[in-house]
Amino acid sequence: MSSIQLRGVSKAYEVPVLRDVDLSVPDGEITALLGASGSGKTTLLRIIAGFEPADAGVVTLGDVVVDDGTRRVRPQHRGVGYVPQDAALFPHLSVAANVGFGLARKQRHTVESLLCTVGLTGLGHRYPHQLSGGQQQRVAVARALAIEPRIVLLDEPFGSLDAQLRETVRLDVMRILAESGTTTLLVTHDQDEAMSAADRVAMIEDGQVLAHRAPRQLYDRPRSPRAAASLGLANLLPGRWCPVGIDCALGVLPPADGCASRSDGTCTILIRPEQLLVSARSTTGVPARVTRVRFHGGTTLLDLATLDDGTALIAQVTGAEAATCRVDDTVRVRVSGTPHLWWDDSETTEGRGVQQATHSDTP
Ligand SMILES: Nc1ncnc2c1ncn2[C@@H]1O[C@H](COP(=O)(O)OP(=O)(O)OP(=O)(O)O)[C@@H](O)[C@H]1O
């Protein structure tokens, strides 16, 4: 067993950094720890690895309590592979020696195969100062995997790689971890990376883990408007119950969560950009003006303002529609499917007040 269990873990330096964190990563699962800079991700990883003590709480790896305030298991005895943000290679050792550090001589073939996995075939003889930052980071990944740990902690391991290499190396590394059943905690602030690489995503904000769920659940049915906005682009519109559905700036949408049990009420509606159907030729849908066009290769983001009341929207379009839309065009907008929503009188409306389209520059 190599699960990771945190119960009530807190840590402060000058100010609180982690507050009463509960997190459970089951044996063999990959969890991405997603949060903004300074939210406490690295601190959490360092406590699990044993480089920092927790001020309060209990850390259990498998069935061994490794930190409970009274006793702390040393880092080298925790069976954890750790890849820090800054690679931290041994400068006086070659790449191969860095990766093979701690391996028996007969396991040396593993070194070449790991170097190949991280895209560094043939560079085993070089020294860290002869590598780029991204190459050093990949050596650090190979070194952590070489001892075949049951638990791996990765702190933004792909951050310094260019987009194409990042995807390839990430796929290879995550495949190895998944195939070997290694319990993994991957720190990232990249939403796409978190959602595509992990079985579950733990969202951390101001030192608190707010949610830990499957990526699809988090994306489609987040707990709050605030959580929705922190995981991808989100149109968050005010709505009101009506006898045939939910009335909002995009017309009357089909009855959604909780409608059947209500006869009134206001809510916040979540509509992801890809749920908006945009057409310049259609005669159905709410008319809107295109205010900005952002080309992202395979997809295009359109900023829109409804003609009726200027409600700001963001839509993701592809194909012919994307090719023809120009700023100041008038288009028609419809919603595909049944959107998720939060009733304003329910308990899960933290972040209420985020009522307009929330934009970030990430597609
Ligand atoms: N040793 C330390 N002494 C004092 N403050 C610290 C120490 N380590 C971390 N902090 C503070 O704790 C907070 C959380 O830092 P941490 O590195 O865990 O964040 P992070 O989410 O990993 O950020 P990033 O994504 O930028 O790496 C920050 O405000 C940081 O300045």
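This is a predicted model: local features need pLDDT of at least 70, side-chain atom pairs count only at pLDDT 80 or more; totals for chains, interfaces and linings use all residues.
Good morning. I begin with strand 1 (residues 4–12) and strand 4 (residues 56–61), which run antiparallel and are joined by five bridges. Strands here are DSSP runs of E with at least two residues, helices are runs of H or I with at least four residues, and both are numbered from the N terminus. Two strands count as paired if DSSP finds at least two bridges between them. Within this pair, Arg7 stands opposite Val58 in strand 4.

Residues are numbered from 1 along each chain as its sequence is written.

The sheet to which these strands belong is open, with four strands in the order 2-1-4-5 and antiparallel pairing. Its edge strands, each pairing on one side only, are strand 2 (16–25) and strand 5 (64–67). On average, neighbouring strands of this sheet are turned by 25° against each other, direction ignored.

I turn now to the helices. How do helix 3 and helix 4 cross? The axes of helix 3 (residues 109–117) and helix 4 (residues 133–146) come within 9 Å and cross at roughly 135°. Axes are lines fitted to C-alpha atoms, for helices over the stretch in contact, and angles run from 0 to 180 degrees between N-to-C directions. Helix 3 and helix 4 are therefore oblique to each other; angles under 35 degrees count as roughly parallel, over 145 as roughly antiparallel, 65 to 115 as roughly perpendicular and the rest as oblique. The crossing is right-handed, that is, the near helix is turned clockwise from the far one by less than a right angle.

Which residues meet at this crossing? Thr110, Val111, Leu114, Leu115 and Thr117 in helix 3 meet Ala142, Leu145 and Ala146 in helix 4, contact requiring C-beta atoms, placed from the backbone, to lie within 7 Å.

Finally, the hairpins. Strand 16 (residues 286–295) pairs with strand 17 (residues 300–306) in the antiparallel sense over seven bridges, and Ala288 stands opposite Thr306 in strand 17. Four residues lie between these two strands of the hairpin, and Gly297 in the turn has a positive phi of about 85°.

Strand 17 also pairs with strand 18 (residues 312–317), in the antiparallel sense over six bridges. Here Leu304 has Leu313 in strand 18 as its bridge partner. This hairpin has five residues between the strands, and Gly310 takes a positive phi near 75°.

Definitions and conventions
Two residues are in contact if their C-beta atoms, placed from the backbone, lie within 7 Å.
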